[in-house]
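This briefing goes through a predicted model, topic by topic.

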Amino acid sequence: MNSVDGRRRHLARILPFGILLAAAASPIAALLTRGAALGQIDLSSIPGTLAFALSAAAVSATIGSAVGAVIGTVDVMARRLTIVMSVTLMAAPPAFWWIGLTRLPFGIGSLSGPASAALVTGVTLAPVTLLLVLAASREIPATAYEAARLFLKPRRRIVAVLFPLLRPAVLAGFLLTAILLLGESEIPFLFGFRTSMTDIITRFSRTFDVAETVPLVLPLIGTVCALGLAMWKPLFTVLFPQSAGERGVILRPASRPIALITALLPVVVLLSLAGYAWATAGGQQALTRRVATWLPTAAISVTEPVLSAMVSVGLAVLAVYPARRVPAARPLVVAGLLLFCVPAGIVAIGWIALAQHVSGFSVAPGIAYVSRTVGLCALGFAIAYSRLPRTLDDAARLVPMSPLRRAWLFGLPLLAPSLAATAALAAATMLADRDVASLLLPPGGSRLMLNLYLLSANAPTAVVGAAALLVVAAGVVVVALAGGLPLILLTRSRG
Amino acid sequence: MVDLTLIDLQVQRDGRSILDGCNAQFTAGRRTVLWGRSGAGKSTLLAAIAGLMTPQRGKIILGSSVMFSAVDRIDMPPHRRRIGYVFQDLALWPHLTALDQVHLVGREAGLNVREASALLESVGLTNLALRRPAQLSGGEQQRLAIARALAAKPAILLLDEPFSSVDRETRQSLYELIRRLSPEVKGPTIYVTHNSEDAQNLAEDSFLLSGGSLSRASRPWQERTAEN
């Protein structure tokens with residue numbers, strides 16, 4: 001086979017992935033096309049938005065890297081539970097945790113302004129950096145860190161060896177958090193300040209003209225892309241292993257004060273949930289009837305993210321599997337990541353623009369969720385595949401059967417745990433969404449998270465508490481279903 | 001000059017005894033080869049001496065200093081034990097230059113940058129001081145690992161089969177290097193191997209590790225060669 005044939009074959013393999021990403025990006029392209037005629041750019045809210053996002057990301061990266069470095073290098077009590085509890089913060093948006101904290105009997109609800117908001121969001125998004133630092137600590141060669149333990153005092157070990165080796169994770173965590181915060185709208189509303197995203201939603205709600213939002217959308221997407229391009233290299237350094245062999249820091253027993261650091265994020269989760277529980281305790285009788293009316297909303301709020309996540313993972317697997325061994329697929333994985341970084345609200349407005357452009361059809365939120373998360377799922381697949389020994393795939397390729405059957409029997413079952421985790425993460429982001437639901441649902445439509453925000457503005461505190469606890473219950477079901485279904489589907493007996 | 005003494009040392013891993021009742025005295029200023037089959041617990045013993053693994057029972061004493069005593073609840077942290085260690089996979093820090101690796105470790109013992117450079121020169125790494133491990137050959141990496149182990153002027157030098165992956169010619173030069181540098185160590189130099197060529201070239205004393213316990217043995221690698 002000559003090099004031209006080889007290139008053609010590679011191109012054919014990455015073509016489905018390219019088409020999928022192009023389809024997923026089409027609403028954003030439609031939105032930008034609609035507004036391009038105006039030829040305006042409104043940069044007024046970018047400095048404030050960046051200041052908020054970067055300061056919150058700095059808080060987040062500091063806390064996440066400190067906690068991650070401790071959990072990644074020492075053996076703390078109930079380590080797994082601590083990690084799960086900490087990561088739970090990512091299953092709901094910062095505003096959810098903040099509203100819970102404000103319902104506690106001691107008053108912390110009077111905070112306002114970007115600085116307070118940066119602190120709150122910084123703490124609640126710390127698990128982003130924490131997870132990356134944990135992943136990076138598992139890539140540190142065990143003996144390299146043992147050598148540091150032997151040769152260097154603790155402070156010098158941390159400064160000269162540990163943090164330099166974790167630097168890509170900390171940097172990627174900082175940038176990813178900043179990107180996520182560029183799309184944050186609820187916390188700025190709650191803390192009483194403007195960002196690009198609040199301006200976009202406010203302007204669209206006032207005019208219902210997608211083109212009017214483009215002068216604000218354009219610089220925001222530009223900023224997201226700039227940060228995304230700065231992020232992909234350190235992120236991929238962490239997520240895609242460099243070499244095989246015995247890896248990961250050997251955990252040693254921790255002193256009590258150090259172990260206490262790891263309790264910070266679980267304490268935030270527990271306090272927030274306690275706030276909701278406290279709020280609910282006040283009015284149990286009145287709640288029973290009200291909760292019953294929420295059940296249809298709860299059912300759709302669970303079904304929609306689970307199905308959307310399944311579709312998203314399914315499409316990603318179908319498109320990326322043929323390209324799994326093609327190096328040229330890597331830029332497409334980066335593009336998929338960037339697509340996920342575009343704020344959900346902008347994706348929703350993009351779908352409205354596309355629908356208006358075509359024929360005025362209405363778009364279900366699930367479609368917007370799939371188009372936003374399909375890049376994330378492709379990344380999840382690529383990470384999972386890169387961690388498989390190449391020889392396993394090679395051995396499967398020697399078995400005489402169709403590629404599809406081979407993938408079903410040998411390839412995908414090996415990737416099942418990672419695909420399950422990806423599906424659970426995608427579903428959790430969908431359940432946690434407010435912007436897509438508020439923009440795409442028809443009048444009268446409701447979702448649990450959307451309801452919670454609306455209720456938190458003026459409903460009795462017991463009602464808010466009950467709505468939040470229902471969101472928590474739905475979240476557990478969503479993660480269990482979205483994570484469990486791929487596992488059942490891909491690992492059931494093939495006999 | 002200080003001897004290293006092990007008394008009734010027991011080390012378990014995953015509930016299984018790797019070392020059980022190890023007693024030994026390693027003489028200061030001499031190179032001792034620790035001989036044993038793969039999986040006998042040689043690396044575990046070095047890790048216990050270095051403080052990278054905590055024994056369940058016994059004592060480790062360097063001269064008059066107790067580094068570990070299960071009964072007295074003494075467990076000196078690894079970085080205070082004054083140990084130079086050449087790991088089997090060398091364990092060089094991938095982000096640091098050769099000079100940084102040596103200077104960082106030696107700084108506590110008062111080694112300045114010029115002395116760190118001189119140490120690198122003494123192991124044959126002249127002009128390679130600013131390279132990172134990935135930019136060095138296998139033999140150069142071994143030399144760097146030895147220089148790093150000696151940088152803090154250790155009281156004990158432990159070598160865990162560091163030459164297992166280099167060619168014969170490089171091995172010869174590394175034997176020469178170890179023979180030249182080990183007398184600078186105040187205490188014993190312990191070399192773990194199951195390679196008879198390594199043992200032949202480096203041993204002044206030898207111990208056999210078998211069945212979890214240590215015994216002084218005269219050239220145990222020759223027995224194996226004879227058996228073969």
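A residue counts as buried if 20 or more other C-beta atoms lie within 10 Å of its own. By that criterion, 48% of the 228 residues of chain B are buried. The model is predicted, and totals for chains and interfaces use all residues.

**Overall form of chain B**
- Chain B holds seven helices and 11 strands.
- Its C-alpha atoms occupy a box of roughly 45 × 45 × 35 Å along the principal axes.
- The radius of gyration of chain B is 17 Å, which agrees with the value near 17 Å for a compact globule because the chain has 228 residues.
- Of the contacts in chain B between residues at least 6 apart in sequence, 70% link residues at least 24 apart.

**Sheet in chain B**
- An open sheet of five strands runs in the order β2-β1-β4-β5-β6 of chain B, with antiparallel pairing.
- Two bridges join β5 (residues 65–69) of chain B to β6(B) in the antiparallel sense, and B:Ser69 stands opposite B:Ile74 in β6(B).

**Helix α15 of chain A**
- Helix α15 (residues 330–341) of chain A has 12 residues and spans 17 Å from first to last C-alpha, close to the expected 16 Å.
- Buried residues in α15(A) include A:Leu332, A:Val333, A:Gly336 and A:Phe340.

**Contact between the chains**
- Chain B contributes 15 residues to the contact and chain A contributes 14 residues.
- On the side of chain B that touches chain A, β7 (83–86) and α2 (98–106) of chain B each give two or more residues.
- The residues on that side of chain B comprise 11 nonpolar, two polar and two charged.

How values were computed. Residues numbered from 1 in each chain as written. Chains lettered and ligands numbered in written order. Predicted model: local features only at pLDDT ≥ 70, side-chain atom pairs only at ≥ 80, totals over all residues. Contact = placed C-beta atoms within 7 Å. Helix = DSSP H or I, 4+ residues; strand = E, 2+ residues; numbered from the N terminus. Nonpolar A, V, L, I, M, F, W, Y, C, P; charged D, E, K, R; others polar. Expected span 1.5 Å × (residues − 1). Buried ≥ 20, exposed ≤ 12 C-beta atoms within 10 Å, placed from the backbone. Pairing = 2+ DSSP bridges. Rg over C-alpha atoms; globule rule 2.2 N^0.38 Å.
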